[in-house]
Amino acid sequence: MSYNIDTTSLVDKVEEKLIELINSKKLSIGDSLPKELELTELFGVSRTVVREALLRLRTIGLIESKKHKGAVLVNPDVINPIKRILNPHVLLPQTLKEIFELRLIIEVGLADSIIARITEEDIQDLEAIIQNEPIHSDETLFEIDHEINFHGRLYEITKNQTVIDFQRMLIPIFEYVHKSKIIISAQPEDGFISHRELLEIIKKRDADALREAMRKHLSIHFKRILTEE
């Protein structure tokens with residue numbers, strides 16, 4: 001005979017109830033949660049439990065305390081909580097591979113935002129970044145510094161701060177996976193597109209062409225990931 005044992009702590013349950021309360025009352029940024037005393041009566045728990053549950057919501061950036069208003073809903077930083085745990089040295093190899101692949105998937109999808117928002121100044125910045133890179137893509141060995149500088153600037157061109165922050169957060173993962181033996185090494189193949197060639201396509205303001213070119217540019221990394229499956 002087996003028994004279903006509820007291992008959820010009282011604080012866990014109150015935290016869940018607080019989220020349910022926020023959703024059911026359709027609270028918005030700037031709205032106040034009920035006072036601590038009201039919450040203790042509502043949930044039938046001690047004030048200590050309520051405070052601990054509220055502290056958890058503060059820790060993840062969902063609420064903050066304001067004078068005369070108590071706990072107030074705020075726009076949470078969706079990147080920072082993830083950043084705290086994205087230490088490549090404590091993540092399993094499979095998790096690192098999946099995060100590495102996620103970065104590739106995102107970059108293929110940046111084309112429309114890049115073309116819609118790029119300026120002449122952005123193009124000049126990209127020119128400056130690639131001026132010391134080899135001219136012929138078939139002679140180009142993969143250089144992680146080139147990748148980080150060029151692709152980091154592409155993320156900035158999107159002017160999507162969440163995407164920009166996400167890319168910066170992934171850089172240590174990208175560097176670690178590339179330099180480690182977690183995935184196999186690979187060299188550019190026929191059809192590989194260099195940074196210089198990507199820039200020429202960007203200048204033509206063709207999102208579809210850029211998307212396809214980016215896929216070819218990243219094919220070396222997709223191959224490293226997918227070959228092992």
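## Close-up views of a predicted model

**Figure 1. Lys-26 sits in the loop between helix H1 (10-24) and helix H2 (36-43).** Helices (H or I, at least four residues) and strands (E, at least two) are DSSP runs, numbered from the N terminus. This is a predicted model, in which local features need pLDDT of at least 70 and side-chain atom pairs count only at pLDDT 80 or more, while totals for chains, interfaces and linings use all residues. Residues are numbered from 1 along each chain as its sequence is written, and side-chain values use heavy atoms, leaving out hydrogens and water. Lys-26 is not a glycine, yet it has a positive phi of about 55°. Most residues other than glycine have a negative phi. Is Lys-26 buried or exposed? With a relative accessibility of 71%, Lys-26 counts as exposed; buried means under 20% relative accessible area, exposed over 50%, and partly exposed in between (1.4 Å probe, protein chains only).

**Figure 2. Arg-205 lies in the loop between helix H10 (195-203) and helix H11 (207-217).** Here is another residue to look at for its backbone. Arg-205 has a positive phi of about 55°, although it is not a glycine. Its relative accessible area is 34%, so Arg-205 is partly exposed.

**Figure 3. Gly-44 is found in the loop between H2 and helix H3 (47-59).** Gly-44 counts as exposed because its relative accessibility is 64%. Find Val-14 as well: along the chain it is 30 residues apart from Gly-44, and the C-alpha atoms of the two are separated by 9.7 Å.

**Figure 4. Helix H5 (residues 93-108) packs with helix H12 (residues 219-226).** Two packed helices are described by the angle between their axes and the distance between the axes. For H5 and H12 the angle is about 150°, and the axes are 10 Å apart. Axes are lines fitted to C-alpha atoms, for helices over the stretch in contact, and angles run from 0 to 180 degrees between N-to-C directions. H5 and H12 are therefore roughly antiparallel to each other (angles under 35 degrees count as roughly parallel, over 145 as roughly antiparallel, 65 to 115 as roughly perpendicular and the rest as oblique). Which residues meet here? From H5 come Lys-97, Phe-100, Glu-101, Arg-103, Leu-104, Ile-105 and Val-108, and from H12 come His-221, Phe-222, Arg-224, Ile-225 and Leu-226. The residues of this contact of H5 with H12 divide into 7 nonpolar, 1 polar and 4 charged. Ala, Val, Leu, Ile, Met, Phe, Trp, Tyr, Cys and Pro count as nonpolar, Asp, Glu, Lys and Arg as charged, and the others, Gly among them, as polar.

Figure 5. Ile-220, His-221, Phe-222, Arg-224 and Ile-225 are the buried residues of H12.

**Figure 6. H8 and H10 pack with their axes 12 Å apart.** The angle between H8 and H10 is about 15°, which means that H8 is roughly parallel to H10. The contact (heavy atoms within 4.5 Å) is made by His-146, Glu-147, Phe-150, His-151 and Leu-154 of H8, together with His-195, Leu-198 and Ile-202 of H10. Sorted by kind, the residues of the contact of H8 with H10 are 4 nonpolar, 3 polar and 1 charged.

**Figure 7. His-151 lies in helix H8 (residues 144-157).** His-151 counts as buried because its relative accessibility is 1%. What does His-151 contact, leaving aside its neighbours within four places in sequence? The partners are Arg-103, Glu-107, Gln-167, His-195, Met-214, His-217 and Leu-218. Take Glu-107: it is 44 residues apart from His-151 along the chain, and their C-alpha atoms are separated by 8.3 Å.

**Figure 8. Thr-158 is found in the loop between H8 and H9.** Thr-158 has 1% relative accessibility, so it counts as buried. Its contacts, apart from neighbours within four places in sequence, are with Leu-110, Ser-113, Ile-114, Arg-117, Val-163 and Ile-164.

**Figure 9. The chain has 12 helices and 2 strands.** Now step back from the close-ups. Read along the sequence, the pattern is α-α-α-β-β-α-α-α-α-α-α-α-α-α. Buried residues make up 37% of the 229 residues in the chain. Of the contacts in the chain with a separation of 6 or more, 73% come from residues 24 or more positions apart.
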